[in-house]
Amino acid sequence: MRIATWNVNSLNARLARVDEWLAYAEPDVVLLQETKMSDQQFPYGHFAAQGYDSAHHGQGRWNGVAVLSRVGIEDPVVGFADGREPDPDARIISARCGGITVSSVYVPNGRALDHDHYRYKLDWLGRLRAHLEATCDRADQVMVGGDFNVCPDGRDAWDPDNTAPRTHVSDREREALQAVCDWGLVDVFRAHYDADGLHSWWDYREGAFYKRHGLRIDLLLASASVAAATHFCLIDRNARKGTKPSDHAPVFADISQ
DNA sequence: ATGGTCGCGCAGCGA
């Protein structure tokens, strides 16, 4: 089974690129972020015609997450099930696809270290761990994929020597991400590749993609059984090329059975 | 050069 995650930066603007990618990558499950549309606008029928059932959690012009699956979608859960107040943003949707409990997550950007949005980001990662504790068991087959807006370590930023404090690489963000992983999840891409310079996002400005000035912030976090069954993982940087690309490349993992 | 490029939506914010 092939499970992918992709921040499409507006599904309306990216629909042709998504169709193209579904046709050649043939993923079984796709976790989308930043659809930037309402549930009423989501093209359920368009994906059904390509063999994918879908579940969407949108709010309109910002955020929005979805699951596409050609192996079934059971028991979709919108938002956090952690017993707290609802998240005001549409940033997580979960479902069971082909026996694996998947979540598509769009972690807040943070904006700046002294910004309220940074505190929201740290709290959001805490809520993600609480959501997993409330809804899953460590022994389950679980895959949490999405745009985490955090580089797990220095290999994941194009400029690891930049000592200026900034979002995406700060200690507190990395600790909050590590706390999610400590529940029982493995960064399956990193488990397959040690090298630096393997990025999943590049700014549209400054020709960042061609200079290889990127970040690896799009992650697939798998529970132990799913990580052990993952035999291949890739960031498809070809999808960042060409006409009207997203600023993120899709990442996928191939899982036995 | 203190910007640069997108998307949304029609000004200026968010990323």
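Start by selecting Asn109, Asn149, His168, Trp201 and Asp203: of the 29 residues that line the largest pocket, these lie nearest its centre. A pocket here is an open set of points, on a 1 Å grid over the protein atoms alone, where a 1.4 Å probe fits, with protein on both sides within 12 Å along at least five of seven lines; lining residues have an atom within 4 Å of a point.

Before you go on, note that this is a predicted model, in which local features need pLDDT of at least 70 and side-chain atom pairs count only at pLDDT 80 or more, while totals for chains, interfaces and linings use all residues. Residues are numbered from 1 along each chain as its sequence is written, chains are lettered from A and ligands numbered from 1 in the order in which they are written, and side-chain values use heavy atoms, with hydrogens and water left out.

**The pockets**

Stay with the largest pocket for a moment. It holds about 620 Å³ of space, a volume being the space filled by probe spheres set on the grid points, which are joined across faces, edges and corners. Colour its lining by class and you will find nine nonpolar, 10 polar and 10 charged residues. For these classes, Ala, Val, Leu, Ile, Met, Phe, Trp, Tyr, Cys and Pro count as nonpolar, Asp, Glu, Lys and Arg as charged, and the others, Gly among them, as polar.

Next, move to the second largest pocket, with a volume of about 180 Å³. Select Pro152, Leu177, Gln178, Cys181 and Asp187, the closest to its centre of the 14 residues that line it. Which element gives the largest share of this lining? Helix H4 does, with four residues. Helices (H or I, at least four residues) and strands (E, at least two) are DSSP runs, numbered from the N terminus. By class, this second lining has seven nonpolar, one polar and six charged residues.

**DNA strand B**

Now display DNA strand B and select Asn9, Ser10, Arg14, Arg61, Tyr106, Asn109, Arg111, Tyr204, Arg205, Glu206 and Lys244, the residues around it; each has a heavy atom within 4 Å of the strand. The surface here has two nonpolar, three polar and six charged residues.

- Arg14 has a polar side-chain atom 3.2 Å from a phosphate oxygen of DNA strand B.
- Arg111 places one 2.7 Å from a phosphate oxygen of DNA strand B.
- Glu206 has one 3.1 Å from a base nitrogen of DNA strand B.

Two strands pair if DSSP finds at least two bridges between them. E5 runs antiparallel to E6 (residues 92–97), joined by three bridges; select Val77 to see it opposite Ser94 in E6.

Finally, select E3-E4-E2-E1-E14-E13, another open sheet of six strands with mixed pairing. E3 (53–57) and E13 (230–235) each have a single partner strand, so one side of each is left without a neighbour in the sheet. Five bridges join E1 (residues 2–7) to E2 (residues 29–33), and these run parallel. End on Trp6, whose bridge partner in E2 is Leu32.

Conventions: Polar contact = N/O pair within 3.5 Å; in protein donor to acceptor, adjacent residues only side chain to side chain.
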